[in-house]
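User: I have a structure open and would like to go through it with you. Could you take my questions as they come?

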Amino acid sequence: MTLALIGFAIVLLLAFYGVPLGFSMLAVGVTLFAWIRGWEPALFMMAQTIYDLAANDGLSVLPLFILMGTFIYKAEMAEDLYDSAYSFLGHLKGGLAYATIMASAGFAAISGSSIATAATMTRVAMPPMRRRGYADTLASGCVSSAGTLGALIPPSVPLLIYGILTQQDIGALFIAGIVPGILLGLMFMVAVRWTVFRYPERGPVGDRSSWSVRIRLLGRVWGVLAIFLLVMGGLYGGFFTATEAASIGAGGSLLFAISRKKLSFRTYVESLLEASKMTGMIFTILFGGKLFANFIVLSGLTNTMVTWIQAQHFTGLEVILVIVLIYVLLGSVMEGLSMMMLTVPIFAAIVEPLGINMIWFGVFVVLMMEIGLIHPPMGMNIFMVKTIMPELQLRTIFVGSLPFLATAVVTLMILILFPGLALLLVPKLG
Amino acid sequence: MSPARPEGGLPGPERSMDKGAAVSMANKVLVFLCVVSLSFIMGLTFCDVFMRYWFARPITGSAEMISFAIAIVVFSSFPLVTATEQHITVSILHGRLGAKGAWIQRLVILLISLLCCATIGRQLLLSGHMLLQDKQYTMVLHLPQGYLSYFMGTLSCVAALAVLFLLVLHLGLCANPGAGRSAT
């Protein structure tokens with residue numbers, strides 16, 4: 001157990017020093033495995049693990065969903081989504097902020113990435129909000145926070161990676177993300193409502209659109225709705241496996257981007273290259289994470305912890321609260337995906353024997369990741385907004401995201417107290 | 001992988017042109033492999049779904065072809081990501097170290113990256129040799145697993161070479177006395 005804790009500390013040290021997380025976990029995992037079993041078995045285990053992970057047809061779901069998001073991004077859907085949401089909600093107080101949340105949810109539903117959603121929506125939604133006299137705090141807080149919906153609303157890359165790490169049904173994980181994702185979106189709208197109720201000058205009323213305009217604008221985003229319904233409907237109805245849904249989604253997005261005349265051969269190649277590189281980055285962390293997890297299992301850390309927790313008669317809720325605390329601390333210094341890769345193999349081994357549903361746990365972990373994306377000092381989405389809008393003060397964005405952070409924490413509490421919410425739709429999969 | 005830009009004490013223009021051409025060629029080959037393999041995965045899975053549901057005839061060995069293609073995507077992009085230093089990092093020290101501290105930090109990062117890439121490459125090459133010796137083939141299409149392991153190992157070695165190149169550039173900067181003095 002001591003060796004495992006030393007290993008964990010070295011990984012954190014190397015990662016904080018700037019060594020790529022995948023290489024940190026790989027180097028420490030293999031070296032300490034060799035410390036226990038010798039170099040030959042450690043190196044053999046390394047080659048075998050990497051080969052098995054890389055040449056695994058089940059993992060093709062990862063590049064395919066990334067590719068689906070990339071095609072949709074290239075199809076320049078974000079503006080149309082935003083205009084469509086604005087036509088319905090713009091006339092309300094804070095209407096542009098509501099529209100941003102709706103459009104982010106729509107974009108997230110097909111892009112699968114929080115940071116990509118935040119980056120895109122910052123470019124799309126910030127300029128009109130500022131033109132309409134929205135306060136920078138509300139506008140920037142809204143775009144940075146609404147981006148986090150990408151991690152929860154399926155198809156979600158973090159849920160996918162959780163599924164790979166813990167060998168859970170990816171389709172079930174996606175379905176489980178729907179209700180908490182919608183709940184989080186609604187909670188963000190509550191945050192906007194509260195802000196404009198308290199400070200009406202921060203979110204002035206916009207124009208009311210006629211129904212003919214609304215229907216015309218809705219017609220431009222049919223593709224997003226169609227792809228989402230096809231992918232999720234196929235998964236939910238049991239027609240597709242996750243891989244098949246991903247390929248249908250990627251193929252559908254490609255056709256959709258072509259139909260919008262947004263995809264040349266050059267952008268097609270760029271999309272594939274971007275998706276390949278993202279896949280390479282994630283797989284490197286997967287290699288490191290799996291090798292480190294192998295060492296952790298060999299060291300006996302998880303067994304010792306499980307035995308200790310059972311001896312202390314801790315309940316599942318108490319363990320979850322401790323995990324929340326660890327995630328808040330780690331989320332203050334680490335980016336979400338790295339945090340997940342480092343902790344999930346250990347936490348999953350601890351919580352599973354306590355009878356905690358692993359699909360629910362996946363949604364919980366991803367929600368914790370999302371909260372980490374907007375809480376100081378390392379909120380990645382906050383920095384993304386700052387990068388795109390350098391004239392904004394970092395403090396302004398953090399202050400603006402506070403009401404959204406508060407509602408995300410409320411959502412987390414609801415998820416912990418009512419775990420059935422995440423599993424509401426899952427049993428129907430069978 | 002974009003051709004490395006000369007900085008500080010770097011090789012002369014003729015040598016860097018040769019290296020630039022070699023790097024550019026390697027880059028094109030890797031990009032080609034990524035694009036073709038990922039298109040193949042998308043196309044094959046898409047067709048497989050249609051064949052399975054509409055004609056009740058799934059494509060034979062599609063899972064094996066996809067498993068080979070995904071390994072090709074992962075390991076073709078690995079040198080590209082490694083050479084451009086795009087791997088996911090935590091880096092809370094970014095911008096907080098002095099010039100000398102940052103120089104040492106990058107040296108450590110490159111050394112560990114080199115060690116990891118080279119070790120992965122060596123082991124996958126050895127594993128490929130063993131798989132070929134043991135005549136390990138896939139179940140349906142009888143694809144030789146050893147050659148895939150060789151491919152993965154070779155591209156890991158290419159990634160190691162790319163890191164070695166970056167390391168040489170980094171140390172070249174150190175050899176420049178002016179740069180060294182200004183750094184301190």
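This is a predicted model: local features need pLDDT of at least 70, side-chain atom pairs count only at pLDDT 80 or more; totals for chains, interfaces and linings use all residues.

User: How much of chain B is buried?

Analyst: Of the 184 residues in chain B, 39% are buried, where buried means under 20% relative accessible area, exposed over 50% and partly exposed in between, with a 1.4 Å probe and protein chains only. Chain B exposes about 9700 Å², by the Shrake-Rupley method with a 1.4 Å probe, and carbon and sulfur atoms supply 67% of that area.

User: Which residues touch the most other members in the largest nonpolar core?

Analyst: Those are A:F361, A:F364 and B:F75, in a core of 208 residues; such a core is a set of buried Ala, Val, Leu, Ile, Met, Phe, Trp, Tyr and Cys residues joined through side-chain atoms within 4.5 Å. Helix α15 of chain A (residues 265-299) gives the most to this core, with 14 residues.

User: And what is B:F75 in contact with, neighbours within four places aside?

Analyst: Taking contact as heavy atoms within 4.5 Å, B:F75 meets residues of chain A, namely A:I50, A:A54 and A:F287, and in chain B it meets B:I120, B:L124, B:F151, B:M152, B:L155 and B:S156. B:F75 also belongs to a cluster linked by ring pairs, together with A:F23, A:F283, A:F287 and B:F78.

User: How many aromatic pairs are there over all chains?

Analyst: There are 20, counting rings of Phe, Tyr and Trp (its six-membered ring) with centres within 6.5 Å, where planes under 30 degrees apart are stacked, over 60 edge-to-face and the rest tilted. One of the pairs is A:F8 with A:F292, whose centres are 6.3 Å apart and whose planes meet at 35 degrees, so this pair is tilted.

User: Why does that pair tie together separate parts of the sequence?

Analyst: A:F8 lies in helix α1 (residues 2-17) of chain A and A:F292 in helix α15 of chain A, so the pair ties together parts that are 284 residues apart in sequence. A:F8 is partly exposed at 21% relative accessibility, whereas A:F292 is buried at 2%. Another tilted pair is A:Y162 with A:F361, with centres 6.4 Å apart and planes at 55 degrees, and both residues are buried.

User: Switching topic, how many disulfides are there over all chains?

Analyst: The count is zero, with a disulfide taken as a pair of cysteine sulfur atoms within 2.5 Å. For B:C34, the nearest cysteine sulfur is that of B:C117, 15 Å away, while the sulfur of B:C117 is 6.8 Å from the closest cysteine sulfur, in B:C116, too far for a bond.

User: Are B:C34 and B:C117 buried or exposed?

Analyst: B:C34 counts as buried at 0% relative accessibility, and B:C117 is likewise buried, at 0%.

Conventions:
Residues are numbered from 1 along each chain as its sequence is written. Chains are lettered from A and ligands numbered from 1 in the order in which they are written. Side-chain values use heavy atoms; hydrogens and water are left out. Helices (H or I, at least four residues) and strands (E, at least two) are DSSP runs, numbered from the N terminus.
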